[in-house]
Amino acid sequence: MPRPFRTDRCQPCRLRKIKCDGNRPSCQRCQRSSRHCSWSDGIRRSSRSIASPLQHGQSATPPNYCVQASLDALISRSDEYVSTGDPTEALEDPRVAHIFRFYIGNLAGWYDLNDRKRHFTDIVPILARNNALLLCAILAFAAASQSSSSSGSTPLKNLADAYHLESVRRLLALMKHPEEFRTGETLAAICLLRSYEIISQNVTCQNHLQGSYSLLASHPIEIESGLLSAGFWNYLREDITVALIEKRSLMIELPDEPLPTRTECDDDLANRITYLLGRVINRCLLRDGVPLGQSEWDNLRDQLEGWRASLSSSFDPILTPHLLPNSSFPSMWTTSGWHAAGLQYYHTAMIILWLAEPCPSLINTLQHIERINSLESKLAHHATIVGRG
């Protein structure tokens, strides 16, 4: 155990090695970055988690009775709401069954993008038949998705909101029992609820999910197998999506630790580039972050290029001229979703990294123009590949 020491920096600023004004409960840097500002009361402890939490089990969600009051109000506006307290009984309701089947047939594949074992398609629905929180999260996400595709159907939206609030209530209750909380089912439910918030265009209201994830991640997450692994990679991809939308760093930390080296299939390589993209985002899109030095920039580029060089020929896109006659991009496709996702993440990381390349301090005007032209060419190349996907 490392020797404790006193610090006047909050947890996020200390982890990023940047100056903190010491203001509590939230420093100005965290306020500007819309980041939860957590304090360790001057004591640093070692963390074994793959994703160091920014919130140590603290949830910014209103008390349980406030959630229940909001839930009661929504239930009164929805004649089709059925509680998931007894999953078996809930699934006997035709409306619940329809939404549940919609998730299995239309949405689960999103989560198995980089998972050849199809945990969210084949395992999660089975577990949800006996897990009220997981079933509730599925219904919230699936109803929100149906509402979105039905031009914002009010009954479906009310139903989605009601199941979302019920999920929050169940999460709050479950957090009182940490050992029962730290399961793959809980992490899967958190991922599904995060998708609900993204679809509902409520991506900034993630306090209870971030606090829940932090409590779960306060113990090591085995990222090479099982539902916890599938949940971690999904949570990371969702965090990346929101970070890119909001042009900021991730809500979770990705320590400078060796990446998993086991590569049984191409989906493992897709997960590896997900991790690398997350690290690039955290380093380059951190508001008020220190600019990259040349050696650090070179190291990140070498890791990305090392990943690209490690790919087998199965990642090579198939070029089919005129496959999509109405597209402005050249026709390019892959045989598996993780091939396309992996390549898109690689090119996205390279775009961010080229934008963060250190600029020589002593260059004349013509050299500066040449540098801009070169940057435009590199960005156009990577952006075209991303757009083709």
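Among contacts in the protein between residues at least 6 apart in sequence, what percentage join residues at least 24 apart? With that as background, please describe helix 12 closely.

A: The model is a predicted one. Of the contacts between residues at least 6 apart in sequence, 71% join residues at least 24 apart. The secondary structure of the protein comprises 16 helices and 2 strands, and 48% of the 389 residues count as buried.

Helix 12 covers residues 226-246, which makes 21 residues. From its first C-alpha to its last, helix 12 reaches 31 Å, and this is close to the 30 Å expected at 1.5 Å a residue. Just after helix 12 comes Lys 247, which takes a positive phi of about 55 degrees.

One of the elements that meet helix 12 is helix 6, formed by residues 119-128. The axes of helix 6 and helix 12 come within 11 Å and cross at roughly 120 degrees. Because angles of 65 to 115 degrees count as roughly perpendicular and those over 145 as roughly antiparallel, this angle makes helix 6 oblique to helix 12. The crossing in which helix 6 passes helix 12 is left-handed. On the side of helix 6, the contact is made by His 119, Phe 120, Val 124 and Leu 127. On the side of helix 12, Gly 226, Leu 227, Ala 230, Gly 231 and Asn 234 take part. By class, the residues of this contact divide into 5 nonpolar and 4 polar, with no charged residue.

Two other parts of the protein may be set beside this account. Helix 15, residues 337-355, has 19 residues; at 1.5 Å a residue it should span 27 Å, and its end C-alpha atoms are 27 Å apart, which agrees. Of these 19 residues, 15 are buried, so helix 15 is largely enclosed by the rest of the structure.

A further helix pair is formed by helix 5 (residues 94-111) and helix 10 (residues 184-199), which pack at an angle of about 100 degrees with their axes 12 Å apart. That angle makes helix 5 roughly perpendicular to helix 10. Here Tyr 103, Trp 110 and Tyr 111 of helix 5 meet Cys 191, Leu 192, Ser 195 and Ile 199 of helix 10. This contact has 6 nonpolar residues, 1 polar residue and no charged residues.

Key. Residues numbered from 1 in each chain as written. Predicted model: local features only at pLDDT ≥ 70, side-chain atom pairs only at ≥ 80, totals over all residues. Heavy atoms only, no water. Helix = DSSP H or I, 4+ residues; strand = E, 2+ residues; numbered from the N terminus. Expected span 1.5 Å × (residues − 1). Axes fitted to C-alpha atoms, helices over the stretch in contact; angles between N-to-C directions. Parallel < 35°, antiparallel > 145°, perpendicular 65-115°, else oblique. Left-handed = near helix turned anticlockwise from the far one by under 90°. Contact = heavy atoms within 4.5 Å. Nonpolar A, V, L, I, M, F, W, Y, C, P; charged D, E, K, R; others polar. Buried < 20%, exposed > 50% of the residue type's maximum accessible area, 1.4 Å probe, protein only.
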